[in-house]
Amino acid sequence: MYQVYKLGRNASATLSLLSLGLERKVKCYNEYFVNRYVFYTEEYEQGRKTYNNRVCVKGSISSKFEVDYYEKLEEVIELQYHNEHNRVFLFKCY
């Protein structure tokens, strides 16, 4: 079930900004820090002594068996809405 909101004077500023959609520009990064972890793209780590370019996504096929997916990080992409605080980061992996 979903609820339809009519944007107007009563709508919050955040909801109004989200309704404008994404900005037309994106930012791409070779590294990303989150929850005390740092992730680097494989290209960025070429020639370095340490590596941290793998990403693990916990998954499950059914309630009995879980399958984790491990991939190499190719790029970190930042999508931004029309507000500095509304950002989404995507990990492009291969």
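Five aromatic pairs are counted in this predicted model, where rings of Phe, Tyr and Trp (its six-membered ring) pair if their centres lie within 6.5 Å, and where planes under 30 degrees apart count as stacked, over 60 as edge-to-face and the rest as tilted. Residues are numbered from 1 along each chain as its sequence is written. Because the model is predicted, local features need pLDDT of at least 70 and side-chain atom pairs count only at pLDDT 80 or more, while totals for chains, interfaces and linings use all residues, and side-chain values use heavy atoms, with hydrogens and water left out.

Select Tyr 32 and Phe 89 to begin: their rings form a tilted pair, 4.6 Å centre to centre with 40 degrees between the planes. Tyr 32 belongs to strand 2 (residues 31-34) and Phe 89 to strand 6 (residues 87-93), so the pair ties together parts that are 57 residues apart in sequence; strands here are DSSP runs (E, at least two residues), numbered from the N terminus.

Now colour by accessibility: Tyr 32 is buried, at 18% relative accessible area, whereas Phe 89 is partly exposed at 27% and Phe 91 is partly exposed at 28% (buried means under 20%, exposed over 50%, partly exposed in between, with a 1.4 Å probe and protein chains only).

Note on methods. Helix = DSSP H or I, 4+ residues; strand = E, 2+ residues; numbered from the N terminus.
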